[in-house]
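Dear colleague,

I am handing over the structure we spoke about, and it is shown just below.

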Amino acid sequence: MDITTPTVLKSLASAGSAAKELTAWWKKSKGDSRALIGELKDNLIYLDIVVKDKVELGEVIDSITVNEYKRLANAGFNFNTLKRTKIASHTALKGTDLASWQGKSTDELVESIYDKLNDLKLRYPHVKSNKKYRWRVRINNIRKRIWLLLMHVRS
């Protein structure tokens, strides 16, 4: 299934680019940030396996984790330390499903990514056959948000 990816995210959407960017970010990070970025990278790889390699979500759902995020959130970690500025406005995002993220905080984006990952983990095992859930669309939306986070952090 093809997804419409805003032009500004196209380079990250190409094979392996986002994982490489996450690895580079991970190498520069320390402590709790490093743990979260490592978890994000692993989750993106599992989501890519579903989309690019056409593996069923059920085969990787147990490998997708939200443990580091929950640990950090419960400890009061400030996710804005990943990038303190607001998400910049990009003309390429206008008219896309990511346009609403412009001007929002890093914390809001990270929370949204993990809310969606957690929802996927909770819902899929129970309603995987329900036709109203478009699992690949949901997965692609999470992937695009991770790409947006990467673009935001490296800007």
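Contact here means that heavy atoms lie within 4.5 Å. With that cut-off, residues 24 or more positions apart account for 71% of the contacts in the protein with a separation of 6 or more. Please keep in mind throughout that this is a predicted model.

**The whole chain**

Of the 155 residues in the protein, 42% are buried.

**Two helix pairs that share α7**

Two packed helices are described by the angle between their axes and the distance between the axes. For α3 and helix α7, which covers residues 135–154, the angle is about 140° and the axes are 10 Å apart, which means that α3 is oblique to α7. The crossing in which α3 passes α7 is left-handed. On the α3 side the contact is made by Leu40, Leu44, Leu47, Asp48, Val50, Val51 and Lys52, while α7 brings Arg136, Ile139, Asn140, Ile142, Arg143, Ile146, Trp147 and Leu149. Sorted by class, the contact of α3 with α7 holds 10 nonpolar, one polar and four charged residues.

How do α6 and α7 lie to each other, and at what angle do they pack? Their angle is about 160°, with the axes 10 Å apart, and α6 is therefore roughly antiparallel to α7. Here too the helices meet in a left-handed crossing, with α6 passing α7. The residues of α6 that make this contact include Thr106, Leu109, Val110, Ile113, Leu117, Leu120 and Tyr124, and those of α7 include Trp135, Ile139, Ile142, Ile146, Leu149 and His152. By class, the contact of α6 with α7 has 13 nonpolar, three polar and five charged residues.

Thr106 is found in helix α6, and with a relative accessible area of 0% Thr106 is buried. Apart from its neighbours within four places in sequence, Thr106 is in contact with Phe79, Asn80, Leu82, Lys83, Thr85, Leu149 and His152; of these, Leu149 and His152 also belong to the α7 side of the contact with α6.

Leu57 has its place in helix α4 and counts as buried, at 3% relative accessibility. Although Leu57 and Leu120 are 63 residues apart in sequence, their C-alpha atoms are 9.6 Å apart in space. Leaving aside neighbours within four places in sequence, Leu57 is in contact with Val50, Ile64, Leu120, Tyr124, Trp135 and Ile139. Among these partners, Val50 takes part in the contact of α3 with α7, and Leu120 and Tyr124 take part in the contact of α6 with α7.

Leu72, in helix α5, is buried with a relative accessible area of 0%. Between Leu72 and Leu36 there are 36 residues of separation in sequence and 8.3 Å in space, C-alpha to C-alpha. Not counting residues up to four places away in sequence, Leu72 touches Asp32, Leu36, Phe77 and Phe79, and Phe79 is also one of the residues in contact with Thr106.

Which lysine has a positive phi although it is not a glycine? It is Lys54, with a phi of about 60°. Most residues other than glycine have a negative phi. Lys54 lies in the loop between α3 (31–52) and α4 (57–60), and at 52% relative accessibility Lys54 counts as exposed.

Lys104 sits in the loop between α5 (67–74) and α6 (106–127), and is partly exposed, with a relative accessible area of 30%. Lys104 and Thr85 are 19 residues apart in sequence, and their C-alpha atoms are 8.9 Å apart in space. Leaving aside its neighbours within four places in sequence, Lys104 is in contact with Lys86 and Ile87.

With kind regards

How values were computed: Residues numbered from 1 in each chain as written. Predicted model: local features only at pLDDT ≥ 70, side-chain atom pairs only at ≥ 80, totals over all residues. Heavy atoms only, no water. Buried < 20%, exposed > 50% of the residue type's maximum accessible area, 1.4 Å probe, protein only. Helix = DSSP H or I, 4+ residues; strand = E, 2+ residues; numbered from the N terminus. Axes fitted to C-alpha atoms, helices over the stretch in contact; angles between N-to-C directions. Parallel < 35°, antiparallel > 145°, perpendicular 65-115°, else oblique. Left-handed = near helix turned anticlockwise from the far one by under 90°. Nonpolar A, V, L, I, M, F, W, Y, C, P; charged D, E, K, R; others polar.
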